[in-house]
Amino acid sequence: MIRRRIIAGALILMVAVGSPFFWQLAQGTPVDTYSIIQNCAVGAIALAALHFRWRISERQQLTPKQAKDTFS
């Protein structure tokens with residue numbers, strides 16, 4: 001489950017940093033730091049939303065009997 005979060009975080013970070021380079025260099029304008037920071041902030045919010053969504057589904061997958069068998 002942690003692997004999914006690491007992969008999602010890496011993908012979101014790559015898109016957040018790469019998107020301003022792609023769009024602004026394609027238009028011929030220099031890349032500004034503000035757009036990279038803004039994209040990283042939005043990416044962090046998206047990753048937090050995914051974290052809480054996945055945490056809820058992980059709780060439902062583990063039944064009390066499975067937890068007792070696993071942790072005892």
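Reply: Gln24 is found in helix H1, where helices (H or I, at least four residues) are DSSP runs, numbered from the N terminus. This is a predicted model, in which local features need pLDDT of at least 70 and side-chain atom pairs count only at pLDDT 80 or more, while totals for chains, interfaces and linings use all residues. Residues are numbered from 1 along each chain as its sequence is written, and side-chain values use heavy atoms, with hydrogens and water left out.

So, is Gln24 buried or exposed? Gln24 counts as buried because its relative accessibility is 17%; buried means under 20% relative accessible area, exposed over 50%, and partly exposed in between (1.4 Å probe, protein chains only). Leaving out residues up to four places away in sequence, Gln24 touches Thr29, Pro30, Val31, Asp32 and Ser35, where contact means heavy atoms within 4.5 Å.

Let's follow one of those partners, Ser35. Ser35 has its place in helix H2 (residues 33–61). With a relative accessible area of 12%, Ser35 is buried. By the rule that skips residues up to four places away in sequence, Ser35 touches Pro20 and Gln24. The side chain of Ser35 also makes a polar contact with the side chain of Asp32, at 2.8 Å. A polar contact is a pair of N or O atoms within 3.5 Å; within protein, one must be able to donate a hydrogen and the other to accept it, and residues adjacent in sequence count only if both atoms are side-chain atoms.

Ile36 lies in helix H2 too, and at 17% relative accessibility Ile36 counts as buried. Not counting residues up to four places away in sequence, Ile36 touches Ala16, Val17, Pro20, Phe21 and Val31.

Now back to H1 itself. Its 26 residues (residues 2–27) should span 38 Å at 1.5 Å a residue, and the end C-alpha atoms are 38 Å apart, which agrees. The expected span is 1.5 Å times one less than the number of residues. There is a kink of about 30° at Gly18 in H1, shortly before the proline Pro20; the bend at a residue is the angle between axes fitted to the seven residues ending there and the seven starting there. Besides Gln24, the buried residues of H1 are Arg5, Ala8, Gly9, Ala16 and Pro20. Just after H1, Gly28 takes a positive phi of about 85°.

What about exposed residues? Val15 lies in helix H1 and counts as exposed at 56% relative accessibility. Trp23 is exposed, with a relative accessible area of 53%.

The structure holds 1 aromatic pair. Phe22 and Trp23 form that pair, edge-to-face, at 5.0 Å centre to centre with 80° between the planes. Rings of Phe, Tyr and Trp (its six-membered ring) pair if their centres lie within 6.5 Å; planes under 30 degrees apart count as stacked, over 60 as edge-to-face and the rest as tilted.

Methods
Helix = DSSP H or I, 4+ residues; strand = E, 2+ residues; numbered from the N terminus.
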